[in-house]
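I opened a new structure today and kept notes as I went. Here is what I looked up, entry by entry.

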Amino acid sequence: MRLFFDLALALALCAPGRAALLRSGAADAAQRVDTGTSLRAKVGYMVQGMLQRKHTTTRHIANTVHKKMKLSDALPMLEDKLPKDVTSLLHLSNGEHAAAAGQFSEVSLAKARVYLNNMMYDAWLQLDQIEVESKEFEESNRMVFSQVVTDLEHLGSDLADKERMKSEAEGGNADMQTRINSLEGALDTLKRGFQSTREKNAYELSLRQDDQDVFTAILQLSKCPNAYGDDTYSFAQQFQVCDTDNGTELVVNDSSMAAKLKRSPRVQKVLEEVLGAAESGAPSLLQIAQAPPPQRVKQPPGGSRKCVNGIVNCGYLHDIMALEWGKFKDLVDELTYIMQRNRDAYEGEKENMNEQIGTLRSNKMKFTEMLGEAISEINALTAATREKQQQHRDIERAFTIKMADYRKRMSEILYTNICGTRTVRNALMRYSAVSPTHSIKDCDVTDWSAGPCTADGRGNSRSVDCDDSCPADVGGVDVDTCGGL
């Protein structure tokens, strides 16, 4: 029972220490993971900068990462890639078995060194191939990308030109329509003005023609009875000129003639002026020597009226009437001429405006055709632009995905197969007396550069940069091996 109690007490005392040790180990592991992750991310950023043509090379990346990498970071990554005997040597050289490392045979160490050097050599070859492949892809992709950008610029220029043509066509179309509307409005105004004037002139012409017709009838009444007989006749048979309180009044015995005179006040006024001259001191139409004594005319009730009735010289009266008829005829002819002149002017203006409207409609049709052509070209160019933009996005997406893949592969090779392998090899060769770590010198390679076609047929080259003072075997990647790069 006491033994069981002592064992339980010992376990209880050891438990806190073991828990602290486990926590410390877990913390160290977590710290190693964080360090490895940050270093791996740094490699990725450096490779990305190199692929973006910044001043960074794979040699610079490898040297920088190797200086910061620890064996605890590199060993877990390479365990699955190394032979069992090399892995055993590495485990013996690490941790609590490091004290027994002095018992390693030089043969085993040399075998591990050669294997690790070959791994670095293969990694450099693979890295070189990926880098050349990435450069070829980038050059090809960027060439197509540049062509697509140029095509988009040309399409944009053509599209802007067609948009300008469309705006010009729309503006011309609108301008032609405005001018057509203006001319049509002016033509309508001209037509309404002509019709209004024509209606007024037609009304006046009808009045003048009525006056002429009435005066023609009076002219017929003023003819002498015969050409060779007595050239006098009684004026009272047809007309009477009376003085009333309201002035001179013409009395016509013929009722139809009186109605016509009533509708033609201007004819009536002329007759009053002509026939009224018989009572004045002007050359008389009456033959006074032959005239009988004046007869008093019965006056109507309600006013005073004095009428004159005498023998009229019909020849002289007819001549006077003919002269007055000529005046009415001249008025009719003058107004007829004015109306015809107005109509000719209207027809000329109308024809001129219609010609202008026809020309403007023709120009508008041209602008309409230009607009249709511009819209058709814009639609075609817009479709081509969308297609090119999609091609632009596809090429850029393919470039982004492919270059990300190259970056990932190159980062993995640099971090694991080159830097990790070199770190493991240097840590293992510390226990070698023949090729210790401080005496190992790896031959280096120059940066990738485009050049004339070489035996690899890729048009690219990478040359070996080794120190001439290197001994035949310095433990690193030797000159002969570098010659294969």
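**Entry 1. The whole chain**

I noted at the start that this is a predicted model. I then looked up the secondary structure. The chain has 9 helices and 9 strands. Next I checked burial. Of the 485 residues, 33% count as buried. I also asked what share of the contacts with a separation of 6 or more joins residues 24 or more positions apart. The share is 77%.

**Entry 2. H5 and H8**

I turned to two helices, H5 (residues 106-221) and H8 (314-428). How do their axes lie to each other? The axes of H5 and H8 come within 2 Å and cross at roughly 170°. An angle over 145 degrees counts as roughly antiparallel, so I put H5 and H8 down as roughly antiparallel to each other. I then looked up which residue classes make up the contact of H5 with H8. I found 62 nonpolar, 26 polar and 34 charged residues there.

- Ser 146 sits in helix H5. Its relative accessible area is 39%, so Ser 146 is partly exposed. His 392 is 246 residues away along the chain, yet the two C-alpha atoms are separated by 9.4 Å.
- Gly 156 also lies in helix H5. Its relative accessibility is 36%, and Gly 156 therefore counts as partly exposed. From Gly 156 to Thr 385 I read 229 residues in sequence and 7.8 Å in space, C-alpha to C-alpha.
- Glu 334 belongs to helix H8. Is Glu 334 buried, partly exposed or exposed? At 44% relative accessibility it counts as partly exposed. Glu 334 and Leu 205 are 129 residues apart in sequence, with 9.5 Å between their C-alpha atoms.

**Entry 3. H2 against H5**

I moved on to helix H2 (residues 58-68). The axes of H2 and H5 come within 12 Å and cross at roughly 135°. That angle makes H2 oblique to H5. I looked up the hand of the crossing, and it is right-handed. Which residues meet here? From H2 they are Thr 58, Arg 59 and Ala 62, and from H5 they are Trp 124, Leu 127 and Glu 131. By class, I noted 3 nonpolar, 1 polar and 2 charged residues in the contact of H2 with H5.

**Entry 4. Thr 64**

I stayed with H2 for one more residue. Thr 64 has its place in this helix. Leaving out residues up to four places away in sequence, Thr 64 touches Lys 42 and Met 46. I also checked Val 43, which is 21 residues from Thr 64 in sequence and 9.2 Å from it in space, C-alpha to C-alpha.

**Entry 5. H3 against H8**

The next pair was H3 (71-78) and H8. Their axes come within 9 Å and cross at roughly 115°. H3 passes H8 in a left-handed crossing. On the H3 side the contact is made by Leu 71, Asp 73, Ala 74, Leu 75, Met 77 and Leu 78. The H8 side has Tyr 415, Thr 416, Gly 420, Thr 421, Thr 423, Val 424 and Ala 427. I sorted the residues of this contact of H3 with H8 into 8 nonpolar, 4 polar and 1 charged.

**Entry 6. The nonpolar cores**

In soluble globular proteins, nonpolar side chains tend to be buried together. The largest nonpolar core here has 41 residues. Which of them touch the most other members? They are Val 47, Ile 61, Val 65, Met 69, Leu 414 and Ile 418. The elements that give two or more residues to this core are H1 (2-51), H2, H3, H4 (84-92), H5 and H8. H8 gives the most, with 12 residues.

Beyond its neighbours within four places in sequence, Val 47 is in contact with Ile 61, Arg 407, Met 410, Ser 411 and Leu 414.

Definitions and conventions: Residues are numbered from 1 along each chain as its sequence is written. This is a predicted model: local features need pLDDT of at least 70, side-chain atom pairs count only at pLDDT 80 or more; totals for chains, interfaces and linings use all residues. Side-chain values use heavy atoms; hydrogens and water are left out. Axes are lines fitted to C-alpha atoms, for helices over the stretch in contact, and angles run from 0 to 180 degrees between N-to-C directions. Helices (H or I, at least four residues) and strands (E, at least two) are DSSP runs, numbered from the N terminus. Angles under 35 degrees count as roughly parallel, over 145 as roughly antiparallel, 65 to 115 as roughly perpendicular and the rest as oblique. A crossing is left-handed if the near helix is turned anticlockwise from the far one by less than a right angle, and right-handed if clockwise. Contact means heavy atoms within 4.5 Å. Ala, Val, Leu, Ile, Met, Phe, Trp, Tyr, Cys and Pro count as nonpolar, Asp, Glu, Lys and Arg as charged, and the others, Gly among them, as polar. Buried means under 20% relative accessible area, exposed over 50%, partly exposed in between (1.4 Å probe, protein chains only). A nonpolar core is a set of buried Ala, Val, Leu, Ile, Met, Phe, Trp, Tyr and Cys residues joined through side-chain atoms within 4.5 Å.
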